[in-house]
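Trainee: I am new to this one. Please take me through a single part of it closely, and then show me what surrounds that part.

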Amino acid sequence: MMADQDGSQSSGSRVKGTTIVKPILIGNTSRYFGKKREEDGHTHSWTIYVKPFHNEDMSVWVKRVQFKLHESYPSPTRVIHKPPYEVTESGWGEFEVNVKIFFHDTNEKPVNTYHLLKLFHSDSTGIVTKKHIVSEQYDEVIFTEPTQLMHQLLTQGKISNHARQDAANDYFEMEEATLERIAAAQRKVDQEVADLRARIHRSKALVPQLKSAVGQVQKTVTTSSLAVGTAAEAVTAVATAQQSDAPTSATATTAVASLPSEVLLPA
């Protein structure tokens with residue numbers, strides 16, 4: 001184990017077969033001034049933050065948090081080395097903030113994420129309202145086979161000395177609701193699959209019947225073709241006899257008599 005130039009400690013060996021999850025909250029609050037500020041045109045004050053989901057001291061395993069603001073702000077890259085990990089500013093527009101979390105062990109790569117800074121709220125009618133905003137998202141930092149140093153830091157479980165701030169949303173309730181929606185969707189998919197299998201089974205059962213019906217049609221067509229051929233020969237014979245004013249031959253008479261009723265010529 002050694003310390004690098006910025007005071008971070010590093011340890012290359014890792015704890016095999018171990019995964020540690022640290023839930024965090026990334027978000028911002030904003031407050032409307034009531035009117036546009038004359039000196040800079042700003043309309044809101046806002047605070048962007050990273051905080052633990054549970055009441056723990058993140059500084060045990062977090063070295064620093066870096067917030068990269070819009071380029072229009074002076075010194076847009078703000079680095080916070082201790083809790084609370086937050087930046088407070090003012091402005092008039094919304095933009096995406098790059099949030100980067102660094103750890104005490106430099107062998108663990110920093111976590112890079114983004115948060116859309118929200119200043120305005122649209123109600124159900126789409127009208128933008130000017131009220132206090134809390135825009136927050138739940139996230140998790142997942143350490144797969146962390147280094148021995150990080151494993152030690154992550155499992156200390158030190159309680160934060162800062163006042164506990166409740167999350168803006170009930171994430172446990174949201175999780176239950178989400179799981180229920182997933183279960184309902186799975187039930188719907190299972191039912192649709194069952195219905196499709198039943199339709200396929202019914203279709204397969206119809207195949208022999210369809211084959212039999214096709215065979216009957218083919219047989220009928222063959223019989224009708226033979227009958228039509230015989231009728232044509234008989235008609236030709238009768239016509240030939242009539243043209244010669246000779247008595248109809250016995251062959252023609254027999255052929256006509258043997259025709260099915262549906263193909264006999266009218267008298």
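In β7, which residue is the bridge partner of His44?

Mentor: The partner of His44 in β7 is Gly91. Before going on, note that this is a predicted model, where local features need pLDDT of at least 70 and side-chain atom pairs count only at pLDDT 80 or more, while totals for chains, interfaces and linings use all residues. Residues are numbered from 1 along each chain as its sequence is written, and side-chain values use heavy atoms, without hydrogens and water.

Start with the setting. The protein has three helices and twelve strands. Helices (H or I, at least four residues) and strands (E, at least two) are DSSP runs, numbered from the N terminus. Of the 267 residues, 30% count as buried. Buried means under 20% relative accessible area, exposed means over 50%, and partly exposed lies in between (1.4 Å probe, protein chains only).

Now the strand that holds His44. Nine of the nine residues of β4 are buried, so β4 is largely enclosed by the rest of the structure. Look at its two faces. His44, Trp46, Ile48, Val50 and Pro52 are buried on one side. Ser45, Thr47, Tyr49 and Lys51 are buried on the other.

Next, its sheet. β4 belongs to an open sheet of four strands, in the order β7-β4-β3-β12, with antiparallel pairing. Two strands pair if DSSP finds at least two bridges between them. The edge strands are β7 and β12, each pairing on one side only. Neighbouring strands here are turned by 15° against each other on average, direction ignored. Such angles run from 0 to 180 degrees between N-to-C directions, with axes as lines fitted to C-alpha atoms (for helices, over the stretch in contact).

Take the two neighbours of β4 in turn. With β7, β4 pairs in the antiparallel sense over seven bridges. With β3, nine bridges join the antiparallel strands. There, Gly27 stands opposite Tyr49.

The largest nonpolar core has 30 residues, and Val50, Trp61 and Phe67 have the most contacts inside it. Such a core is a set of buried Ala, Val, Leu, Ile, Met, Phe, Trp, Tyr and Cys residues joined through side-chain atoms within 4.5 Å. The elements giving two or more residues to this core include β3 (19–32), β4 (44–52), β5, β7, β8, β12 and α1. In soluble globular proteins, nonpolar side chains tend to be buried together. Leaving out residues up to four places away in sequence, Val50 touches Ile24, Leu25, Ile26, Met58, Val65, Phe67, Tyr85, Val99 and Ile101. Contact means heavy atoms within 4.5 Å.

His115 is found in strand β9 (residues 111–116). His115 is buried, at a relative accessible area of 2%. Its side chain makes a polar contact with the side chain of Asn28 (2.8 Å). A polar contact is a pair of N or O atoms within 3.5 Å; within protein, one must be able to donate a hydrogen and the other to accept it, and residues adjacent in sequence count only if both atoms are side-chain atoms.

β9 sits in another open sheet. That sheet has four strands in the order β6-β5-β8-β9, with antiparallel pairing. β6 and β9 stand at its edges with a single partner strand each, so one side of each is left without a neighbour in the sheet. Neighbouring strands of this sheet are turned by 20° against each other on average, direction ignored. β8 (residues 96–103) and β9 pair over six bridges, in the antiparallel sense. Glu96 stands opposite Leu116 in β9.

Pro84 is found in the loop between β6 (77–80) and β7 (85–91). The peptide bond from Pro83 to Pro84 is cis, with omega near -5°. Ser75 is in the loop between β5 (62–68) and β6. Ser75 has a positive phi of about 45° although it is not a glycine. Most residues other than glycine have a negative phi, and most peptide bonds are trans. Ser75 is exposed, with a relative accessible area of 56%.
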